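Thanks for coming. I have one structure to go through this morning, and I will keep to what can be read from the coordinates. Here it is.

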Amino acid sequence: GKLKYGTVAKHAFRIVNTSDAPLQIISVRASMSPLQVRATETELQPKEEGRIEVVVNTRYFKGRGMYAIFLTYRENGRPKEARFIVIADSQEAKEK
């Protein structure tokens, strides 16, 4: 979404383990420095939910930015990766 340049915005992506086996979160990382990310849980039991918390700092960019979040997890003993895309538009404050 659109953000005022120099502000910090927060959002949480809901994740749900829809499988019948425990899901282990190995890591979560952002593609660029304007984003800080963290998982609220390291393991999700079947049907359990957690969140990927995202902080966007608009001091690091002006205009439109598209950033990826990579969630690496293990399901049924196999590593997998999910990708989330965050699009933010950092805009200068309009002068009156």
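Let me start with methionine 66, which sits in strand β7, residues 63-75. Keep in mind that this is a predicted model. Is methionine 66 buried or exposed? Its relative accessible area is 54%, and the cut-off for exposed is over 50%, so Met66 counts as exposed. Together with Ile85 and Ile87, Met66 makes a nonpolar surface patch of about 280 Å².

Now another residue of that strand. Threonine 72 is also part of β7. Its relative accessible area is 18%; buried means under 20%, so Thr72 is buried. Which residues does threonine 72 contact, leaving aside its neighbours within four places in sequence? They are Gln24, Ile25, Ile26 and Ser27, plus Lys80 and Glu81.

Next, leucine 71. Not counting residues up to four places away in sequence, Leu71 touches Ile15, Ile25, Ser27, Val28 and Ile52, and also Lys80, Glu81, Ala82 and Phe84.

In soluble globular proteins, nonpolar side chains tend to be buried together. Here the largest nonpolar core has 19 residues, and Leu71 is among those with the most contacts inside it, along with Ile52 and Ile69. Strands that each supply at least two residues of this core are β3 (23-30), β4 (35-39), β6 (49-57), β7 and β8 (78-91). Which strand gives the largest share? That is β7, with four residues.

Stepping back to the chain. How many helices and how many strands does the chain have? Zero helices and eight strands.

On overall dimensions, the C-alpha atoms fill a box of roughly 55 × 20 × 15 Å along the principal axes. The radius of gyration is 16 Å, whereas a compact globule of 96 residues would have one near 12 Å.

As for burial, 35% of the 96 residues count as buried. The chain exposes about 6,400 Å², and 48% of that area comes from carbon and sulfur atoms. On contacts, take the pairs at least 6 apart in sequence: 63% of those join residues at least 24 apart.

Methods
Residues are numbered from 1 along each chain as its sequence is written. This is a predicted model: local features need pLDDT of at least 70, side-chain atom pairs count only at pLDDT 80 or more; totals for chains, interfaces and linings use all residues. Side-chain values use heavy atoms; hydrogens and water are left out. Patches are made of residues with over 30% relative accessible area and no salt bridge: like charges are joined within 9 Å, nonpolar side chains (Val, Leu, Ile, Met, Phe, Trp, Tyr) within 5 Å. Accessible areas come from the Shrake-Rupley method with a 1.4 Å probe; for residues, only the protein chains shown count as cover. A salt bridge is a side-chain nitrogen of Lys or Arg within 4 Å of a carboxyl oxygen of Asp or Glu. Buried means under 20% relative accessible area, exposed over 50%, partly exposed in between (1.4 Å probe, protein chains only). A nonpolar core is a set of buried Ala, Val, Leu, Ile, Met, Phe, Trp, Tyr and Cys residues joined through side-chain atoms within 4.5 Å. Contact means heavy atoms within 4.5 Å. The radius of gyration is taken over C-alpha atoms; the globule rule is 2.2 Å times the number of residues to the power 0.38.
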